[in-house]
Each structure stands twice: as structure tokens, then as C-alpha cells.
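Keep your viewer open and follow the stops below. Each one says what to select and what is there.

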Amino acid sequence: RDLRSALRRCELFLVFQPIVSLCTNRVVGNEALLRWRHPELGVRSPIEFINVSEETGLIHEIGNWVIFQACKTAASWPKDTRVAVNVSANQLRTAGLLSCIVNALTESNLRPGRLELEITETALIDQSEYVLANLKALRDLGVRIALDDFGTGHSSLTYLRKLSPDSIKIEGSFVRDVLTDPGCASIVKSVISLSKDLHIN
């Protein structure tokens, strides 16, 4: 009930996490992260409410709001700075996702190549008509696609070949222990090498 009122009461907001290039030490983009300023419980992370939004169908309304706000904010940044937005499996299955993104880009006057949508392998397991159509249309539009949490799914290499993403995000546990765990270091090195061969950032 509270979540249904959150958008109307302007309780949802975005924070932006910088994406820094290790080659240039420059900020090349920012990832939009959703937060909820609950009137009684304080600021809450999506981990605490995203499942509820998925189960109730609110994810579409909230997801569309995030895309519009992220594009609007990014339009004021330097012209070569991207904004990354997480898109859920439920959003990717709907016919309305493409029109939402087109409207957000048009209203904000943001170039499609500056928007990067982060999707997980979970979203790709259900290769429904809308999922495949949305991915193709987004790529044709010029929107960047990032494969999130790479290494946690069942068919990472298959999706890497089929999707040809613009970038991949290695699952955090591998990166977190890269300096202390030789196994993690080997995995990260291998993924980076593979990405370079496939011309993926």
C-alpha cells in the first residue's frame, strides 16, 4: 500500500554511482540507483522493496519513472557521459518498454548512445517474443545494452554470443576478492580477455 503511494508522494528518488575508466581515470558514466524515502522507515534500498513491486505489477510504473528521470538528469551532464539504468525481466517482456524509452529520450533530448540498459541473464532465460523484439529494437535505436552480474547465470557464454552486449559487469564477488583470491583473479582476467576479443567494454 505504501509503495503504491510512493510515486504520487514523490518519495522515490535516484542517486548516481560514478563509472570510472581505469584507462583514463575519468568518469565515463553514472549508474542510476533507486531509493525510497519512506515517511516512517527512512531511506530504503531497492533490495527491500523491488520484489514487492515485481509481484504487484508496480515495477512497470516505477521502472518507467526511473528511465524518464535518469534520462532527464543525464541530459545536463557532459555530452560524452552515459547513464546506466537497470531493467527488470518483467519490463523487458512488455510491449510498452520501447515506447517508454523512445519518449524518455525524445523529451530529454538525450542521444540514444548515452543510455545503457543493464539486464541480467535471468531476463534472457525467457526468450519470449517481446524480449527478443525489445532487445533488437533497442539495439537498432542505438541504446547500449549491458549484461549485468556476469558469471552468475546458467549460460553466460551463450548469451554473450547471442546478445553481443556493449558491456558486461562482472559479478561483484569475483571483483571484491580479486586481490586476495587467485581463483577470482584468474576468472576476472579471463573475462576481461574474452571481452576484448569480442570488442566488449
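**Stop 1: a tryptophan and its partner**

Select Trp77. Trp77 is buried, because its relative accessible area is 16% and the cut-off for buried is under 20%. Keep in mind that this is a predicted model.

How are the rings of Phe16 and Trp77 arranged? They form an edge-to-face aromatic pair, with 5.2 Å centre to centre and 90 degrees between the planes. Phe16 is partly exposed, with a relative accessible area of 26%.

Colour by secondary structure. Phe16 lies in strand β1 (residues 12-20). Trp77 lies in the loop between α3 (59-74) and β4 (82-86). The two residues are 61 apart in sequence, so their pair ties together those separate parts.

**Stop 2: the other aromatic pair**

How many aromatic pairs does a search of the whole structure find? It finds two. For the next one, select Trp36 and Phe49. This pair is edge-to-face as well: 5.4 Å centre to centre, 85 degrees between the planes.

Trp36 sits in strand β2 (residues 27-38). Phe49 sits in the loop between β3 (42-44) and α2 (50-56). Here the pair ties together parts that are 13 residues apart in sequence. Are Trp36 and Phe49 buried or exposed? Both are buried.

**Stop 3: a charge over a ring**

Select Arg37 and Phe13. Arg37 lies over the face of Phe13, at 4.2 Å from the ring centre.

**Stop 4: a surface patch**

Select Leu157, Leu194 and Leu198. These leucines form a nonpolar patch on the surface. Together they have about 260 Å² of accessible area.

Zoom in on Leu194. Leu194 belongs to helix α10, which covers residues 182-197. Leu194 counts as partly exposed, because its relative accessibility is 30%.

**Stop 5: the whole chain**

Clear the selection and zoom out. The protein chain has ten helices and seven strands. Along its principal axes, the C-alpha trace spans about 50 × 40 × 35 Å.

What radius of gyration does the protein chain have? The value is 17 Å. A compact globule of 201 residues would have a radius of gyration near 17 Å, so the chain agrees with that expectation.

To finish, colour by relative accessible area. Of the 201 residues of the protein chain, 42% count as buried. Trp77, from the opening stop, is buried, and so are Trp36 and Phe49.

Note on methods:
Residues are numbered from 1 along each chain as its sequence is written. This is a predicted model: local features need pLDDT of at least 70, side-chain atom pairs count only at pLDDT 80 or more; totals for chains, interfaces and linings use all residues. Side-chain values use heavy atoms; hydrogens and water are left out. Patches are made of residues with over 30% relative accessible area and no salt bridge: like charges are joined within 9 Å, nonpolar side chains (Val, Leu, Ile, Met, Phe, Trp, Tyr) within 5 Å. Accessible areas come from the Shrake-Rupley method with a 1.4 Å probe; for residues, only the protein chains shown count as cover. A salt bridge is a side-chain nitrogen of Lys or Arg within 4 Å of a carboxyl oxygen of Asp or Glu. Helices (H or I, at least four residues) and strands (E, at least two) are DSSP runs, numbered from the N terminus. Buried means under 20% relative accessible area, exposed over 50%, partly exposed in between (1.4 Å probe, protein chains only). Rings of Phe, Tyr and Trp (its six-membered ring) pair if their centres lie within 6.5 Å; planes under 30 degrees apart count as stacked, over 60 as edge-to-face and the rest as tilted. A charge sits over a ring if NZ of Lys or CZ of Arg is within 6 Å of the ring centre and within 35 degrees of the ring normal. The radius of gyration is taken over C-alpha atoms; the globule rule is 2.2 Å times the number of residues to the power 0.38.
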